[in-house]
Amino acid sequence: MTGRTSARAILIWAVLAVAVGAPIAAAASSEQLAWRGPVYILAGFAGIVALGLVLVQPLLVGGYMPGFSGYRGRRAHHWIGGALALAIVIHVAGLWITSPPDMIDALTFASPTPFSPFGVIAMWAIFIVALLALLRRRLGLRPRTWRFLHMPLAIVIVAGSVVHCLLIEGTMETISKAALCALVLAATVKVMIDLQVWRKRRALRGESIARQ
Amino acid sequence: MAIVALNRRNLLAAGGSVLATGMLAAGTSGLLLPARADGLAPTESMSGGANNYRKGAAIVDRIGKGGFWMSGTVRRAGDGAPLAGQRIQIWAHTVEGQEHEPQSHGATLTDKDGRFRLEMPQIIPIFGQPHGHLAYDSGEFKTVFLRPVMRSPKDTSLEAHFVLQPT
């Protein structure tokens, strides 16, 4: 039984490593890199890493990652959330340095590129979640309130990131990109179903009383 | 075939070709039917068209080592008459430099038929889209900035058309 469990654990980690690693490796071998400066390259990869972290988030909070169930999974979810916000800062700052007018257009929703508003909306959703998570205790947010705020924002982050990424013609290879996006959507749908996030659960109320 | 089917460019190409057909039809009807060209509307600047513009790029025979062709026409709003000797400035992120760099910029003049054509280095995708920039900014007509997008980063030519309005 333990043999099968560890084999399953290895398989899950291997799938995650390939799902995140393959798009990064494919992008790293893109011929486009030859024509880009180091800051632009860094900004692009920060974006790809951010998408990988968006996949990790539902897997952690759903307790699907072997070795990260329950409390450890939620704890890692917090740290990865912080890393995601940092990756987005690097992504946006790097693009700003590369071409200030294009980045300003994107941030002001005046960009001609159809993917920009999706990315910018996802960015703000990530920053809002990160800020709320930091202030959660200070604001005295109950688990139910937190979930009520976090779930719609999580959906915005996932949908925005996936559309943003799919519409971009850049260094990412088409199939590894589409596969990563599909996994992000699948993981998000699964965790939302498994945790029944749309239900007012008695268990949650119990949890909040226990914390107080 | 499965790889081709999964390529989103093919999906976009369908929509793009519909658009292009529509634009082509609109363009040719203006040329073929002078009576209707009477109300030829001026080209509006495209959003983001002026990004990384450097005013006063020199008129050149070719930008850099070439290999890619930017071409188009310049006509007058209203009657659609071709405008000769108009200066069109062109720049893009190419294999020889980024958009803002001086060597990525150049200008050319239209011929007697209002056509222009300038060889430049291969354009590559920047900020998620393979695109070029063109400007008419000489004062006689209202300034127009265009930002045409290539249907594929592998394309080796791109067109943009100006209909200018006297100032």
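Which residue just after α4(A) takes a positive phi? In this predicted model, the residue is A:F109, with a phi of about 60 degrees.

Helix α4 of chain A spans residues 100-107, and its buried residues are A:D102, A:M103 and A:A106. Viewed down the axis of α4(A), these buried residues fall within an arc of 95 degrees, so they line one face of the helix. An α-helix has 3.6 residues a turn, so residues three or four places apart point the same way. The partners against which the buried residues of α4(A) pack are α3 (70-98) and α5 (116-139) of chain A.

A:F109 is placed in the loop between α4 and α5 of chain A. Its positive phi occurs although A:F109 is not a glycine. Most residues other than glycine have a negative phi. A:F109 counts as exposed because 10 other C-beta atoms lie within 10 Å, and the cut-off for an exposed residue is 12 or fewer.

Two packed helices are described by the angle between their axes and the distance between the axes.

| Helix pair | Angle between axes | Axis distance |
|---|---|---|
| α2(A) and α7(A) | roughly 25 degrees | within 9 Å |
| α6(A) and α7(A) | roughly 170 degrees | within 10 Å |
| α5(A) and α6(A) | about 150 degrees | 8 Å |

At a crossing of roughly 25 degrees, α2(A) and α7(A) are therefore roughly parallel to each other. Their crossing is left-handed. On the side of α2(A), the contact is made by A:L51, A:V54, A:L55, A:P58, A:L59 and A:V61, and on the side of α7(A) by A:L180, A:L183, A:V184, A:A187, A:T188 and A:V191. By class, the residues of this contact comprise 11 nonpolar, one polar and no charged.

A:L55 belongs to helix α2 (residues 38-61) of chain A. A:L55 is buried because 22 other C-beta atoms lie within 10 Å, where the cut-off is 20 or more. Apart from its neighbours within four places in sequence, A:L55 is in contact with A:L180, A:L183, A:V184 and A:A187, and also with A:A19 and A:V20. A:V20 and A:L55 are separated by 35 residues in sequence, yet their C-alpha atoms are 8.3 Å apart in space.

Helix α7(A) also packs with α6(A). These two helices cross at roughly 170 degrees and are therefore roughly antiparallel to each other. From α6(A), the residues A:V158, A:V162, A:C165 and A:L166 take part, and from α7(A), the residues A:K177, A:C181, A:V184, A:L185 and A:T188. This contact of α6(A) with α7(A) consists of seven nonpolar residues, one polar and one charged.

The packing of α5(A) with α6(A), at about 150 degrees, is therefore also roughly antiparallel. The crossing of α5(A) and α6(A) is left-handed. Residues of α5(A) in this contact include A:F118, A:I121, A:L132 and A:R136, and those of α6(A) include A:W146, A:H150, A:L153 and A:H164. The residues of the contact divide into 14 nonpolar, five polar and one charged.

**The contact between chains A and B**

Chain A gives 19 residues to the contact between the chains, and chain B gives 20. On the side of chain A that touches chain B, the elements giving two or more residues are α4 and α7. That side of chain A has nine nonpolar, seven polar and three charged residues.

**Chain B**

Chain B contains two helices and seven strands. From the N terminus on, the order of elements is α-α-β-β-β-β-β-β-β. Of its 167 residues, 34% count as buried. Among contacts in chain B with a separation of 6 or more, 71% are accounted for by residues 24 or more positions apart.

Chain B also has a residue other than glycine with a positive phi: B:F127, at near 50 degrees. B:F127 is placed in the loop between β4 (115-120) and β5 (132-136) of chain B. B:F127 counts as buried because it has 26 C-beta neighbours inside 10 Å, whereas A:F109 is exposed.

Technical notes:
Residues are numbered from 1 along each chain as its sequence is written. Chains are lettered from A and ligands numbered from 1 in the order in which they are written. This is a predicted model: local features need pLDDT of at least 70, side-chain atom pairs count only at pLDDT 80 or more; totals for chains, interfaces and linings use all residues. Helices (H or I, at least four residues) and strands (E, at least two) are DSSP runs, numbered from the N terminus. The arc is that of the directions from the helix axis to the C-beta atoms. Two residues are in contact if their C-beta atoms, placed from the backbone, lie within 7 Å. Axes are lines fitted to C-alpha atoms, for helices over the stretch in contact, and angles run from 0 to 180 degrees between N-to-C directions. Angles under 35 degrees count as roughly parallel, over 145 as roughly antiparallel, 65 to 115 as roughly perpendicular and the rest as oblique. A crossing is left-handed if the near helix is turned anticlockwise from the far one by less than a right angle, and right-handed if clockwise. Ala, Val, Leu, Ile, Met, Phe, Trp, Tyr, Cys and Pro count as nonpolar, Asp, Glu, Lys and Arg as charged, and the others, Gly among them, as polar.
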